[in-house]
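Keep the viewer open as you go through the points.

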Amino acid sequence: MNRQFYKVAKGNILVVDDRQENLHCLALMLANDGYEVRKVRTGKMALIAAQTQLPDLILLDIRMPEMDGYQVCRQLKSNPRTEDIPIIFLSALDRPEDKILAFEAGGTDYITKPFQILEVLARVKNQLTLKKLQQQLIEQNEKLQREICDRVRAEVALKKANQELQRLAILDGLTQVANRQRFEEYLQEQWEQLAARQGSLSVILADVDDFKAYNDTYGHLAGDECLRKIAGAIAIASNRRADLVARYGGEEFAAILPQTPLSGALQVADAILREIEQLNLTHEQSSVSTRVTVSLGVATGIPRSEVDPHVLVSEADAALYEAKRTGRNRYCIGRYSKNDEKSA
């Protein structure tokens with residue numbers, strides 16, 4: 001099998017000069033050194049050629065008819081598509097002011113005619129090397145920017161995921177109110193804070209009346225839906241930002257009411273009973289009503305650092321038991337609360 005090998009050009013160079021002998025000499029010299037060369041003899045043709053196929057480098061004469069090299073350079077540099085093409089001026093003009101005009105127009109180098117072949121090749125190689133390095137730097141910067149953006153997005157996503165995990169860690173999966181762990185944490189937090197401020201803290205425990213009979217009659221799916229609605233009703237009744245509603249266990253719920261005296265806690269208890277009544281959930285096997293009801297235990301006190309906060313929960317639990325014993329669908333007040341009200 002015959003194989004044909006193609007030599008990859010070292011770069012695409014556009015040569016612009018109105019003199020044919022200069023074009024021929026430069027094109028031959030550059031082609032022999034491995035460059036792909038295009039030749040034009042006017043400034044207008046140079047602009048068209050540069051737009052048609054972007055060259056890697058332009059060798060540009062200054063003195064040309066109709067449009068000189070300075071004008072060509074300025075137009076190329078004013079066009080976003082061609083502004084980054086390096087331009088080497090080749091001119092017989094050797095005055096410093098001519099060279100200054102060339103660099104002000106946007107040229108990157110200046111070679112005086114008559115030129116030396118080795119010098120032209122060296123300067124061409126230097127400009128193409130610089131352009132390649134600049135391009136690599138641009139690409140590296142773009143890659144770095146992408147990596148930074150990706151990292152920022154990843155950090156934002158991770159932060160959101162962590163926040164969601166933290167949220168889920170303190171929520172009851174069924175009812176979407178706080179779970180027992182969060183109840184315990186918040187109770188301790190508020191107890192310590194209010195002990196320092198000498199402010200009142202109230203706890204309400206709520207238990208769904210005859211819930212086992214509800215589950216047995218309507219099924220566990222209906223029971224789950226009932227608990228979700230009960231949780232929502234208690235949350236509506238305990239609607240201050242500082243209040244916390246939690247699922248305490250099974251069909252039992254709890255509300256922590258910071259900076260709330262007994263009178264305020266009883267208002268919340270009344271609101272809970274009203275909200276549950278408005279749910280109008282059928283419960284034909286209830287020993288209290290034909291609708292779902294709850295019993296509540298209310299306890300209020302002024303926290304003290306030397307006292308365990310669960311004393312308040314125990315009082316609310318005892319009051320809840322009393323509400324169950326005395327007929328259900330009501331609330332009772334813990335002894336701790338009564339003593340606290342008297343001392344106040």
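1. Where does Ile 87 lie? Ile 87 is part of strand β4. Helices here are DSSP runs of H or I with at least four residues, strands are runs of E with at least two, and both are numbered from the N terminus. Before going on, note that this is a predicted model, in which local features need pLDDT of at least 70, side-chain atom pairs count only at pLDDT 80 or more, and totals for chains, interfaces and linings use all residues. Residues are numbered from 1 along each chain as its sequence is written, and side-chain values use heavy atoms, with hydrogens and water left out.

2. Staying with Ile 87: at 0% relative accessibility, this residue counts as buried. Buried means under 20% relative accessible area, exposed means over 50%, and partly exposed is in between, using a 1.4 Å probe and protein chains only. Leaving out residues up to four places away in sequence, Ile 87 touches a list of residues including Leu 57, Ile 58, Leu 60, Cys 73 and Gly 107; contact means heavy atoms within 4.5 Å. Thr 112 is 25 residues from Ile 87 in sequence, and their C-alpha atoms are 14 Å apart.

3. Next, look at a helix pair. The axes of α3 (residues 69-78) and α4 (residues 96-105) come within 9 Å of each other and cross at roughly 20°. That makes α3 roughly parallel to α4. On the wording: angles under 35 degrees count as roughly parallel, over 145 as roughly antiparallel, 65 to 115 as roughly perpendicular, and the rest as oblique. The axes are lines fitted to C-alpha atoms, for helices over the stretch in contact, with angles running from 0 to 180 degrees between N-to-C directions.

4. Which residues make that contact between α3 and α4? On the α3 side they are Tyr 70, Cys 73, Arg 74 and Lys 77, and they meet Asp 98, Leu 101, Ala 102 and Ala 105 in α4. By class, this contact of α3 with α4 has five nonpolar, no polar and three charged residues. Here Ala, Val, Leu, Ile, Met, Phe, Trp, Tyr, Cys and Pro count as nonpolar, Asp, Glu, Lys and Arg as charged, and the others, Gly among them, as polar.

5. On to the rings: a search of the whole structure turns up five aromatic pairs. Rings of Phe, Tyr and Trp (its six-membered ring) pair if their centres lie within 6.5 Å; planes under 30 degrees apart count as stacked, over 60 as edge-to-face and the rest as tilted. Tyr 70 and Phe 89 have ring centres 5.9 Å apart and planes at 55°, so this pair is tilted. Tyr 70 lies in α3 and Phe 89 in strand β4 (residues 87-91), so the pair ties together parts 19 residues apart in sequence. Tyr 70 and Phe 89 are both buried, and together with Tyr 110 they form one aromatic cluster.

6. Another pair to click on is Phe 183 with Tyr 248, which is edge-to-face at 5.2 Å centre to centre, with 80° between the planes. Phe 183 sits in helix α6 (residues 180-197) and Tyr 248 in strand β7 (residues 244-249), 65 residues apart. Phe 183 counts as buried at 0% relative accessibility, and Tyr 248 counts as buried at 16%. The charged end of Arg 180 also sits over the ring of Tyr 248, 3.8 Å from its centre; that label needs NZ of Lys or CZ of Arg within 6 Å of the ring centre and within 35 degrees of the ring normal.

7. Some backbone spots are worth a look too. The peptide bond from Lys 113 to Pro 114 is cis, with omega near -5°, and Pro 114 is in the loop between β5 (109-112) and α5 (117-169). Glu 66, in the loop between β3 (57-61) and α3, has phi near 70°, a positive value in a residue other than glycine. Is Glu 66 buried or exposed? Glu 66 is exposed, with a relative accessible area of 72%.

8. Finally, find Asp 243 in the loop between α8 (220-237) and β7. Asp 243 is buried, with a relative accessible area of 12%.
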